[in-house]
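Biologist: Please take me through this model and say what stands behind each label.

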Amino acid sequence: MDTLSYKTISVKPAEVKKEWYVIDATDLVLGRLASRVALILRGKNKPSFTPNVDCGDNVIIVNADKVKLTGKKMTDRVYIRYTGYPGGQRFTTPKELLAKKPTELLRMSVKGMLPKTRLGNKLINNLFLYAGPEHPHQAQKPKELKLNEM
């Protein structure tokens with residue numbers, strides 16, 4: 001067997017072909033949606049995946065406010081953040097977060113599944129979240145993506 005015929009292909013940033021996908025988040029479970037979106041943003045669904053290059057696709061999520069959580073997580077789960085000042089610990093539940101910022105819950109979930117590096121900070125910019133059914137990215141001709149069929 002000729003071992004020289006097997007070459008590892010590393011894609012350069014200029015060679016990456018990015019697609020646009022639109023996902024309807026109505027009645028999808030938050031964690032399952034976030035993990036599949038993170039996989040697409042990272043580019044792990046492509047055969048030309050390169051770990052140190054942004055080779056993922058752009059993802060548009062509509063109806064982000066209609067995402068659901070299983071069990072009692074909507075009221076029992078608590079997100080903690082800290083302002084940096086003494087006594088500045090703040091607590092919020094997913095229900096309160098959806099009421100205040102409808103897209104932030106999904107953004108936090110996807111960001112937590114991306115690398116905690118400069119590459120991860122670039123990848124989260126390829127995610128576009130909208131609370132309603134409309135989005136302004138019709139010029140990019142996004143493809144409809146059904147996560148249940150993926």
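**Labels and their cut-offs**

Modeller: Start with Ile80, which lies in strand β3, residues 79-82. Strands are DSSP runs of E with at least two residues, helices are runs of H or I with at least four, and both are numbered from the N terminus. The model is predicted, so local features need pLDDT of at least 70 and side-chain atom pairs need pLDDT 80 or more, while totals for chains, interfaces and linings use all residues. Residues are numbered from 1 along each chain as its sequence is written, and side-chain values use heavy atoms, with hydrogens and water left out.

Biologist: Why is Ile80 called exposed?

Modeller: Its relative accessibility is 54%. Exposed means over 50%, buried under 20%, and partly exposed in between, with a 1.4 Å probe and protein chains only. Ile80 therefore counts as exposed.

Biologist: What makes Val78, Ile80 and Phe91 a patch?

Modeller: They form a nonpolar patch on the surface, with about 310 Å² of accessible area together. Patch members have over 30% relative accessible area and no salt bridge; nonpolar side chains (Val, Leu, Ile, Met, Phe, Trp, Tyr) are joined within 5 Å, like charges within 9 Å. The areas come from the Shrake-Rupley method with a 1.4 Å probe, and for residues only the protein chains shown count as cover.

Biologist: Which residues line the largest pocket?

Modeller: Among them are Tyr79, Ile80, Arg81, Phe91, Lys100 and Met108. β3, β4 (89-92), α3 (94-100) and α4 (104-112) each give two or more residues to the lining. The lining divides into five nonpolar, one polar and six charged residues. The pocket volume is about 320 Å³.

Biologist: What makes a space a pocket?

Modeller: On a 1 Å grid over the protein atoms alone, a pocket is an open set of points with protein on both sides within 12 Å along at least five of seven lines; lining residues have an atom within 4 Å of a point.

Biologist: How do you know that the side chains of Asp54 and Lys18 meet in a salt bridge?

Modeller: The N to O distance is 3.1 Å. The rule asks for a side-chain nitrogen of Lys or Arg within 4 Å of a carboxyl oxygen of Asp or Glu, so the pair qualifies. Asp54 is in the loop between α1 (30-42) and β2 (58-62), and Lys18 is in the segment before β1, 36 residues apart. Lys18 is partly exposed, at 32%.

Biologist: How many salt bridges does the structure hold?

Modeller: Three. Another joins Lys143 and Glu19, at 2.9 Å, N to O. It links strand β6 (residues 143-144) to the segment before β1, across 124 residues. Lys143 is partly exposed at 41%, and so is Glu19 at 30%. Asp57 also forms a salt bridge with Lys46, with the closest N and O atoms 2.9 Å apart. Both lie in the loop between α1 and β2, so the pair ties together parts eleven residues apart in sequence.

Biologist: Is Asp57 buried or exposed?

Modeller: Its relative accessible area is 1%, so Asp57 is buried. Lys46, at 18%, counts as buried too.

Biologist: What is the phi of Asn63?

Modeller: It is positive, about 55°, although Asn63 is not a glycine. Asn63 is found in the loop between β2 and α2 (73-76). At 7%, Asn63 is buried. Lys141 also has a positive phi, about 50°, and is not a glycine. Its place is in the loop between β5 (127-129) and β6. At 70%, Lys141 is exposed.

Definitions and conventions:
On a 1 Å grid over the protein atoms alone, a cavity is a set of points where a 1.4 Å probe fits but cannot get out, and a pocket is an open set with protein on both sides within 12 Å along at least five of seven lines; lining residues have an atom within 4 Å of a point. Grid points are joined across faces, edges and corners, and a volume is the space filled by probe spheres set on the points. Ala, Val, Leu, Ile, Met, Phe, Trp, Tyr, Cys and Pro count as nonpolar, Asp, Glu, Lys and Arg as charged, and the others, Gly among them, as polar.
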